Amino acid sequence: QAVMAHAASSAIGSKLPGATHESCIYLDYNATTPIEPKVAEDMAPFLFEHFGNPSSGHAFARPCAEAVRKARSQVAAMLGCDAEEVLFCSCGSEADNHAIRGACALARANGTSVPHVVSTAIEHPAILECLSAYAARGECVYDLAPVNEEGMVDPDAVAALVTPDTCLVSVMHANNETGAIQPVAAVAEAARAAKAGVLVHTDAAQSCGKIPVKPRELKADLCTVVGHKFGAPKGVAALYIRDGIELPNMLWGGGQESGRRAGTENVLHLVGMGSASALVEADQAALTAHMLALRDRLEVGLRAAIGEERCSINGPATQRLPNTSSFAIIGLRAADLLAELADEVAASAGAACHSGGGPRVSGVLAAMGTDTEKALGTLRLSVGRHTSEDDVDRAIQLIAATAAKHIA
């Protein structure tokens with residue numbers, strides 16, 4: 001009965017237990033997702049019963065080693081790749097950093113004195129700050145391709161920045177603020193036309209679980225996915241590395257991760273990521289449709305309640321994640337509105353990974369050329385597996401009523 005109850009509560013549209021879920025509407029799925037009850041159920045035996053070191057050979061270790069193998073296969077099935085192409089790590093930032101560092105080290109080993117990287121102006125800080133730090137140390141140089149007013153990258157603009165020393169092109173799959181889905185496959189083709197064999201990386205942290213993420217279809221050599229964005233715990237991620245690419249080791253020590261990343265495996269979290277991957281693979285079409293319907297309901301309702309003339313969407317109309325709305329309300333500061341609603345509606349005024357301090361224009365909206373008033377009035381609203389129509393309708397009422405008090 002407990003197993004059935006857990007499975008039912010992972011159903012699309014089901015309500016999660018807990019007092020906070022009763023009092024506050026969660027519209028911040030792009031910041032993080034709850035651990036799915038089915039995922040927690042699969043993880044539970046590895047809290048106490050199965051605690052062995054997967055590298056040992058005895059009875060306590062064997063279930064853990066098998067669990068790691070199963071998790072790798074589940075992530076690979078979700079990505080449509082071979083299990084040997086999945087490198088487990090601790091977070092998306094680690095995976096992104098390794099893609100950059102590894103590509104640059106590979107280029108230096110092949111005779112490029114100062115490797116060159118091409119990325120975009122709307123990447124996550126895990127990309128942009130890594131590039132900045134490496135460039136400051138003289139380990140690489142880089143260029144950032146611009147985006148248009150909808151936050152979309154032009155593949156030809158990326159290719160125009162490729163030089164003979166370019167070792168890596170990194171373009172995110174979907175933006176964490178606007179949801180804009182980038183033409184990664186077209187970027188890869190254009191970049192390789194400019195330089196044959198250049199490596200292509202895509203950060204798919206935000207898209208995984210919302211739309212299919214298949215690195216081979218994206219023509220990517222490297223691809224980052226992050227567990228806590230699709231129902232797994234925080235602290236676990238993976239980097240897809242296409243077969244045949246030999247990046248330098250991430251960490252040296254034991255032989256874990258085929259010698260590429262030393263350190264005893266975090267079996268508990270790997271089981272969670274594998275289980276969440278299986279859920280995504282099983283439910284992808286239905287989950288995408290569920291999120292799209294609720295996001296559109298939210299946008300239509302807010303426009304009607306607040307007034308069309310005061311509302312607009314940042315990003316493309318259709319080429320964006322089905323769950324994400326970068327919703328601008330002209331005449332107020334989103335940070336003030338969300339502060340007043342903090343116990344009733346959970347949402348973001350910017351990307352949660354790097355928000356803080358006083359009001360400021362996000363780097364993504366600035367790169368899009370969004371005017372300051374519109375940018376400061378922008379809410380990032382993101383629905384997910386457990387969002388319901390009732391959640392959306394109540395959020396519309398609360399946001400609209402609070403906006404009416406704040407609009408100048």
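These legends accompany close-up views of a predicted model. Local features rest on pLDDT of at least 70 and side-chain atom pairs on pLDDT 80 or more, while totals for chains, interfaces and linings use all residues. Residues are numbered from 1 along each chain as its sequence is written, and side-chain values use heavy atoms, with hydrogens and water left out.

View 1. Seven strands form an open sheet in the order S2-S8-S7-S6-S5-S3-S4, with mixed pairing. Strand S2 (86–89) and strand S4 (141–145) are the edge strands, each with a single partner, so one side of each has no neighbour in the sheet. From one strand to the next, the twist averages 20°. Strands here are DSSP runs (E, at least two residues) and helices are runs of H or I with at least four residues, numbered from the N terminus; two strands pair if DSSP finds at least two bridges between them.

**View 2. Strand S2 beside S8, with two helices on the sheet.** S2 and strand S8 (residues 237–241) run antiparallel and are joined by four bridges. Look for Phe88, which stands opposite Ala238 in S8. Helix H4 (residues 62–79) packs on the sheet, touching S2, strand S7 (222–226) and S8, and its direction makes about 115° with that of S2. Helix H5 (residues 92–109) also packs on the sheet; among the strands touched by H5 are strand S3 (116–120) and strand S5 (166–170), and the direction of H5 makes about 160° with that of S5. Contact means heavy atoms within 4.5 Å. Axes are lines fitted to C-alpha atoms, for helices over the stretch in contact, and angles run from 0 to 180 degrees between N-to-C directions.

**View 3. The buried residues of helix H8.** In helix H8 (residues 184–194), Val184, Val187, Ala188, Ala190 and Ala191 are buried. Their cover includes helix H7 (155–161), S5 and S6. Buried means under 20% relative accessible area, exposed over 50% and partly exposed in between (1.4 Å probe, protein chains only).

**View 4. A salt bridge between Arg385 and Glu36.** The closest N and O atoms of this pair are 3.9 Å apart; a salt bridge is a side-chain nitrogen of Lys or Arg within 4 Å of a carboxyl oxygen of Asp or Glu. Arg385 sits in the loop between strand S12 (378–382) and helix H13 (389–406), and Glu36 in the loop between strand S1 (25–26) and helix H3 (37–43), so the pair ties together parts 349 residues apart in sequence. Arg385 is buried at 7% relative accessible area, and Glu36 is buried at 5%. Glu36, Asp283 and Arg385 are linked in a network of salt bridges.

**View 5. A salt bridge between Glu85 and Arg216.** Here the closest N and O atoms are 2.8 Å apart. Glu85 lies in the loop between H4 and S2 and Arg216 in the loop between S6 and S7, so the pair ties together parts 131 residues apart in sequence. Glu85 is buried at 3% relative accessible area, whereas Arg216 is partly exposed at 43%.

**View 6. Lys374, buried without a salt bridge.** Lys374 belongs to helix H12 (residues 372–376). The nearest side chain of opposite charge, Asp371, is 6.1 Å away; Lys and Arg count as positive and Asp and Glu as negative, with His and the chain ends not counted.
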